[in-house]
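Please open the model in the viewer and keep the selection panel at hand.

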Amino acid sequence: MIVLKFGGTSVANAENISKTIAVVIAAMKEDKLMVVVSALGGTTDLLLGAGKSAAEGKTDYKEKLKLIEDRHFDTIKNLIPVTHQSSIIFEVKRRINELEDLCDGIFLIGEFSPKTSDKIASYGELLSSLIISQRLASMDVKHQWVDSRELIKTNSNYTFAAVDSKATNEQTKKYIAEHDAPLYLLPGFVASDANGNTTTLGRGGSDYTAAIYAAAVDAKKLEIWTDVSGMMTADPRLVPNARVIPNISYQEAMELSHFGAKVIYAPTIQPVMAKGIPLWIKNTFAPEDAGTEIERKAHETGNAVSGLSSIDKVSLLLLEGSGMIGIPGFSKRLFAALADQKINVILITQSSSEYSICVAINEINVEKAKKAVDEEFANEIALQKLEPLQIENKLSIVALVGDNMKSHQGISGKMFAAMGRNGVNIRAIAQGSSEKNISAVITSADVKKAINVLHEEFFETTYKQINLFIVGVGNVGSRLIAQLQQQQQFLQEHLGLQVRVVGLTNSRKMLLDENGIDLNTYKEKIESGVKMNLDELIGYISEKNLRNSIFIDNTANADVAACYDRLLQKSISVVACNKIACSGPYEQYQKLKSLAREFTTTFHFETNVGAGLPVIGTLNDLLRSGDEIESIEAVLSGTLNFVFNYYDGTRPFAEVVKQAQDEGYTEPDPRLDLGGTDVMRKILILARESGLKMEMSDITNNSFLPTSCMDGDVPNFYKELAKHEGHFRALYDEAFEKGQKLKFVAKLDKGQASVGLQHISKEHDFFHLYGKDNAVRFSTKRYAQQPLVIKGAGAGAEVTASGIFADIMRAARV
């Protein structure tokens, strides 16, 4: 005997029932069958809704019953040939009339008891099974329709009746022996007590019905047919990359079902587990799919974790106080108080100090739990030995499940580290000694991110999803986007990184799409985006709460830099081309570095100093490896190097500066470069990264520009440059006559920093710098005789974008 069960979606309408019957007929070739069916999808809710409306004196119960009648008649019309419809229409109408009489009675007395609720709810499965039976008859498929109320016997705990296994097994075996048939068709969910009153088996009752029958007849296997192709590694509505678990143990399946996996319910597993009967989860709409097999011991796969699950709408109850320490019985009293109110405890955790105990319950029970517990401990609360029960709402539980977790070290650490890196705060933790389950209570807003992060960590060897928010799509930003687009396939195939841009902004508009922005069309789409508002952007990033989020600042905007702290506190990595944050007040710089450490995220700003050159990274590597910085000399302005490389007195100095600006080497205001401010910021950042507490005001600026050049606006700046051509020619001539070159050099030595124009001789590392080259020379304890020199292009949109790209990769691969 094989037992098959078909759920509400599998029998929702005539089309789906036809698919169900096709599966049944195919299975009949293998063995005798017992087929259990649910009500047409959504019918049970309508039935109970009608009863509730009637009890509340609302006449709309008649409309609900009419919907039920119409739906079943419509199914008959589309499923059963006309020549076979009359008898089933008569039977359905008769039962609908019974329902109307019941609801009329409820309406009159204004009471909807659990007993009556079970009576009304039972009609869903009875009607669906009768309709399917008539369709089988019209196809000449030999079968026996059996009312499950005749076979499954329970106590009288209406709406969630306990099964009398002995009586049920006897009745089932007796019926099968006396009524031989190739196929038995039975309604699920329904049963009866010793007095013949209708009872129901509670949530997942039809699955449970099938398992009861499988155990009673010692079935070869039990198949649960639903609308998914098996149990999944995670909820596919939350995790698009969730995949089917091919094989799992009874215990693992029970753990997953307890923690929200809705494909199967825990009570279903118990009867077949006791008999060692294999249980399969199959898809009615893709019957060729293998599905999931549930058995005593899962096959070895090498994976420690079998699946992830979650429960929403959870509340934490915290009972604490010094009066609990060393005094036995507090836990017992707490659980007894909750049990008296029929409140189920989902999770328990207690501190080893015995100062507090924490339990998780369904949030709908919070008010009566608070009342019951505070009443139970009223005396201790009055004596201030205990605090009143504390409650925390809007929580969820995420759980890792796997039989093999007990033999793998570090699973918990991996779980908590992955969530921590993404800013998921854990409110409570529980793990059984069997180590089959590790559960964490988190805020409900973090569930989707947490489940996706954990799924990536434990199941996805293919790729890790990275979500980028890019502020500034001008010269540097557009080059960065082009580089990202070019490398997207490479990153996914070779580094396992799926890099998506989910936010883009310019100074006027912002384009946001949590599913990813098409980088081929972003320039057109951003113009039709919403108005740029920094606070709204930060709010969107926080609200969407996407995993592995990175914020990229390609601007020179102080307001954007001022929002880094808010992002880091959400565990969102920041990659900054913008120098303002790291060259502003030391306190702010240090705060950002501390926040990145505190919230287990990253703050990268390599391009602040040398565009794409690995200057900060090298400095950090030297210090981390134990070296000591003695001095730093650097040509840190690609702009100034460009200007002094191309200025030879044959063209006006102002013309060379304008060329540098036109080719994208200068800041929007060239005075930041030529006045030395930009270089001061860079040496300040290097000083701070070296471990020095330094402010901009501590740096000596030996400016070569006449004071009047710094007055007024940018056009006036160029006019003043032209006026002082003689000054610039004299600077050049002095160096040329000595066979030297002019370089604007930043220096850090013995804790003092300065910037200024210097004459560089041929022997110096900086003499052979051309075009927009930058160079940094580290003299350290280890590099004393021959300093470590980093040299290369230090300006330009393309190399700056590549430096930002490299920082994104550093943040992504943490």
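Does arginine 333 count as buried or partly exposed? The model is a predicted one, and in it arginine 333 has 26% relative accessibility, so it counts as partly exposed. The cut-off for buried is under 20%.

**First stop: arginine 333 and its partner**

Select glutamate 376 together with arginine 333; their side chains meet in a salt bridge, at 2.9 Å from N to O. The pair links distant parts of the chain, with arginine 333 in helix 11 (residues 330-340) and glutamate 376 in helix 12 (residues 366-376), 43 residues apart. Glutamate 376 is partly exposed, because its relative accessibility is 32%.

The structure holds 42 salt bridges. Side chains of opposite charge can pair when their charged atoms come close.

Next select aspartate 180 and lysine 32, whose side chains form a salt bridge of 2.4 Å, N to O. Aspartate 180 is in the loop between helix 7 (165-178) and strand 4 (183-187), and lysine 32 is in the loop between helix 1 (14-28) and strand 2 (33-37), so this pair ties together parts 148 residues apart in sequence. Aspartate 180, at 60% relative accessibility, counts as exposed, whereas lysine 32, at 36%, counts as partly exposed.

Then move to aspartate 535 and arginine 566, a salt bridge in which the closest N and O atoms are 3.2 Å apart. Aspartate 535 belongs to helix 18 (residues 534-544) and arginine 566 to helix 20 (residues 564-568), so the pair ties together parts that are 31 residues apart in sequence. Arginine 566 has 37% relative accessibility and counts as partly exposed. Select also Glu91, Arg94, Arg95 and Glu98, which are joined into one network by salt bridges that share partners.

Display residues 205-216 (helix 8) and residues 266-275 (helix 10), which pack at an angle of about 10 degrees with their axes 7 Å apart. The two helices are therefore roughly parallel to each other. Helix 8 contributes Asp207, Tyr208, Ala211, Ile212, Ala214 and Ala215 to the contact, and helix 10 contributes Pro267, Thr268, Pro271, Val272 and Lys275. By class, this contact has 8 nonpolar, 1 polar and 2 charged residues.

**Last stop: helix 24**

Finally, select residues 615-624, helix 24, where Val615, Ile616, Thr618, Leu619, Asn620 and Leu622 are buried. Among the elements against which these buried residues pack are helix 28 (677-689) and strand 28 (773-780). Glycine 626 follows helix 24 and has a positive phi, near 100 degrees.

Notes: Residues numbered from 1 in each chain as written. Predicted model: local features only at pLDDT ≥ 70, side-chain atom pairs only at ≥ 80, totals over all residues. Heavy atoms only, no water. Axes fitted to C-alpha atoms, helices over the stretch in contact; angles between N-to-C directions. Helix = DSSP H or I, 4+ residues; strand = E, 2+ residues; numbered from the N terminus. Parallel < 35°, antiparallel > 145°, perpendicular 65-115°, else oblique. Contact = heavy atoms within 4.5 Å. Nonpolar A, V, L, I, M, F, W, Y, C, P; charged D, E, K, R; others polar. Buried < 20%, exposed > 50% of the residue type's maximum accessible area, 1.4 Å probe, protein only. Salt bridge = Lys/Arg side-chain N within 4 Å of Asp/Glu carboxyl O.
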